Amino acid sequence: MRRKLYVLLLSAALLLLGSPAAQAAENGEWAVYPAAARLGERPYFFLTADPGATLRDRVTVANKTAEPLTFRLYGADAYNTERDGGFALRTLKEPQTGTGAWIKPERATVTVPPRSAVTVPFTLTVPADADPGDHPGALVALDERIAPADGGSVALGIQRAVGARVYLKVSGPAVPALAVEDVTLEQDRPVVPGVRDGTAVVTYTLHNRGNVTLNPQVVLSAQGLFGRTLLDRDLAQVPSELLPRQRIRLTEKWIGSPQFDWGEVTLTATAKDVRESAGVSFVALPWPLAGVLLLAAGGGLAGWWIRRRAARPGH
């Protein structure tokens with residue numbers, strides 16, 4: 001018997017909720033954006049509130065197709081994905097503990113006529129004990145249709161959603177804090193030095209320990225024996241927005257890593273008013289060749305000791 005597996009896919013929201021310079025979040029069929037006099041005037045919600053306050057605003061859902069579309073409206077918490085640190089949203093079935101839980105649309109379901117737009121009021125109530133700082137989230141329009149997808153023996157369904165980002169700042173002390181944690185280095189060197197380039201993979205955790213969103217910059221550097229600079233470069237694969245209390249695991253490949261050396265790799269992360277570093281030591285040595293050399297050295301030392309004993313009187 002074939003069973004149907006429904007998969008909620010938020011790719012449209014993830015890909016189209018880009019930088020603050022972007023226009024309304026959309027996927028070509030529908031768009032979600034803050035209500036405004038002109039389309040694109042407010043690409044996102046930028047809100048500030050005191051603990052215990054209630055804000056009121058409106059969200060617009062625009063249908064660009066020739067058929068009516070029905071959407072489920074809900075608030076969603078934002079987080080950084082483990083894969084690359086991208087901006088992601090909790091699904092409807094996941095627990096919402098921040099902005100997503102505080103957003104209450106006036107209508108949970110809305111049907112938008114063809115090539116039309118519907119504006120829905122909503123409230124955002126900040127708990128009296130809410131932590132100060134940034135609480136990013138989104139107001140999501142989830143298409144009620146389930147599109148079929150070829151899943152082989154399992155019938156797959158894809159449910160799409162688009163969300164308008166909500167950048168909520170709760171009044172109180174702003175505490176930026178950043179950490180670089182758990183730095184590791186894996187080396188891949190040729191058995192015979194010089195046959196090919198050595199390669200190293202540096203893995204580390206970037207951790208936003210504060211309560212404000214950070215735009216981190218990370219520099220990877222390496223020093224060898226006698227303080228020689230082996231590497232010093234800015235890393236490109238770093239999230240543009242590292243959300244509060246989020247940690248992500250990142251990797252960086254170092255092609256041309258040393259094959260004979262001893263030193264340290266250091267990662268230095270900087271953001272608003274913060275700078276933190278962490279590193280790991282390394283020994284670059286072709287171990288099979290080193291083993292042969294040690295055996296040869298050991299054999300030579302043993303031969304010298306035997307000859308010396310044989311040369312003593314009485315032997």
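Predicted model: local features only at pLDDT ≥ 70, side-chain atom pairs only at ≥ 80, totals over all residues.
The chain comprises 315 residues, of which 43% are buried. Its secondary structure consists of 20 strands and three helices. Contacts were counted between residues at least 6 apart in sequence. Of these, 71% join residues at least 24 apart.

Strand β10 covers residues 116-125 and pairs with strand β5, residues 54-63. The two run antiparallel and are joined by ten bridges. Strand β10 also pairs with strand β8, residues 103-105. This pairing is antiparallel too, and has three bridges. Leu124 of β10 takes part in both pairings. Leu55 has Leu124 as its bridge partner. Ile103 likewise has Leu124 as its bridge partner in β10.

An open sheet is formed by three strands, in the order β14-β15-β18. Its pairing is antiparallel. Strands β14 (178-188) and β18 (247-257) stand at the edges. Each has a single partner strand, so one side of each is left without a neighbour in the sheet. On average, neighbouring strands of this sheet are turned by 20° against each other, with direction ignored. Nine bridges connect β14 to β15, which spans residues 198-208. Within these strands, Val180 stands opposite Leu206 of β15.

Key
Residues numbered from 1 in each chain as written. Heavy atoms only, no water. Pairing = 2+ DSSP bridges. Helix = DSSP H or I, 4+ residues; strand = E, 2+ residues; numbered from the N terminus. Buried < 20%, exposed > 50% of the residue type's maximum accessible area, 1.4 Å probe, protein only. Contact = heavy atoms within 4.5 Å. Axes fitted to C-alpha atoms, helices over the stretch in contact; angles between N-to-C directions.
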